[in-house]
Amino acid sequence: MSQHNLKPKHDLVYLTEDASHDEVIELINEEAFGPGRHTRAAARIREEGAHDRTLSFVCADDGETIGSVRMTAVMAGDVKGHLLGPLAVRPSHKNRGIGRELVRIAIDAAKRKGSEAVILVGDAPYYGPLGFEKVAYNALQFPGPVDPNRVLVVPLRPDVHSRLKGRIGWRP
Ligand SMILES: CC(C)(COP(=O)(O)OP(=O)(O)OC[C@H]1O[C@@H](n2cnc3c(N)ncnc32)[C@H](O)[C@@H]1OP(=O)(O)O)[C@@H](O)C(=O)NCCC(=O)NCCS
């Protein structure tokens, strides 16, 4: 076979989520987070209302969905932002930059849509290099217990940090 005909081992594409992805995303999140995932504080916000599909993305490898990031509109203090998560990549595809790319795409899309901030509960060592900063300790009250050191934000306006005070919840 000539080199010209060799198929690349991986053929990754990033797509906006639609309803046809629901089932596989459920499986990916189940595999990544297990059955306890619905009790987490961020998950409780997501149960208050639907996520925003226009800002949620999947990664597919040769047609098979192997990663997902979802975004949900939230009010955080008086900031009209978006909660990022869940973010999950199938174990078979980890450590290839797919998680980082999904986060980058979601932040860019939120910025274009006029979001004021992208907020999440997660590991600072992973999200820091992607532009996330710590929210002031205990400044945001989640609808459930949360480790204040893990509440992170990408401010998309200069005054966001000072306005992130009070409750965070689902925004229609
Ligand atoms: C976290 C997750 C989404 C990362 O996806 P991924 O596509 O493998 O990530 P990337 O390829 O973009 O980045 C991999 C790098 O991040 C590092 N990393 C992964 N998880 C990390 C974490 N929790 N804290 C710090 N670094 C982390 C890896 O060690 C790797 O480092 P390297 O580039 O120096 O080798 C994926 O591992 C996953 O689905 N995990 C289970 C669910 C989860 O924890 N989601 C995040 C919730 S906050």
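The structure holds 1 cavity of 30 Å³ or more, where a cavity is a set of points, on a 1 Å grid over the protein atoms alone, at which a 1.4 Å probe fits but cannot get out. Volumes refer to the space filled by probe spheres set on the points, with grid points joined across faces, edges and corners. The model is predicted, so that local features need pLDDT of at least 70 and side-chain atom pairs count only at pLDDT 80 or more, while totals for chains, interfaces and linings use all residues. Residues are numbered from 1 along each chain as its sequence is written, and side-chain values use heavy atoms, with hydrogens and water left out.

The largest cavity has a volume of about 40 Å³. Its lining (residues with an atom within 4 Å of a point) is made up of V135, A136, N138, A139, L140, V146, P148 and V151. By class, this lining contains 7 nonpolar residues, 1 polar residue and no charged residue; Ala, Val, Leu, Ile, Met, Phe, Trp, Tyr, Cys and Pro count as nonpolar, Asp, Glu, Lys and Arg as charged, and the others, Gly among them, as polar. N138 also has a positive phi of about 65° although it is not a glycine, and is placed in the loop between β6 (133-134) and β7 (140-141). Helices (H or I, at least four residues) and strands (E, at least two) are DSSP runs numbered from the N terminus.

Pockets were identified as open sets of points with protein on both sides within 12 Å along at least five of seven lines.

Of the 18 residues around the ligand, V89, N95, G97, G99 and D123 come nearest; a residue is counted if one of its heavy atoms lies within 4 Å. This shell includes at least two residues from each of α1 (22-33), β4 (79-89), α3 (98-112) and α4 (124-127), and consists of 10 nonpolar, 4 polar and 4 charged residues.

Polar contacts (pairs of N or O atoms within 3.5 Å; within protein, one must be able to donate a hydrogen and the other to accept it, and residues adjacent in sequence count only if both atoms are side-chain atoms) involve several of these residues. A polar side-chain atom of D123 is 2.5 Å from a nitrogen atom of the ligand. A polar backbone atom of G99 lies 2.8 Å from a ligand oxygen atom, and a side-chain N or O atom of Y126 lies 3.1 Å from an oxygen atom of the ligand. The ligand taken alone exposes 900 Å², of which the protein buries 66% (Shrake-Rupley method, 1.4 Å probe; for residues, only the protein chains shown count as cover).

The second largest pocket holds about 270 Å³ of space. It is lined by 14 residues, with N29, H38, R46, R70 and P86 nearest its centre. Helices α1 and α2 are the elements that give two or more residues to this lining, α1 giving the most, with 4. P86 belongs to strand β4, and the peptide bond from G85 to P86 is cis, with omega near -5°.
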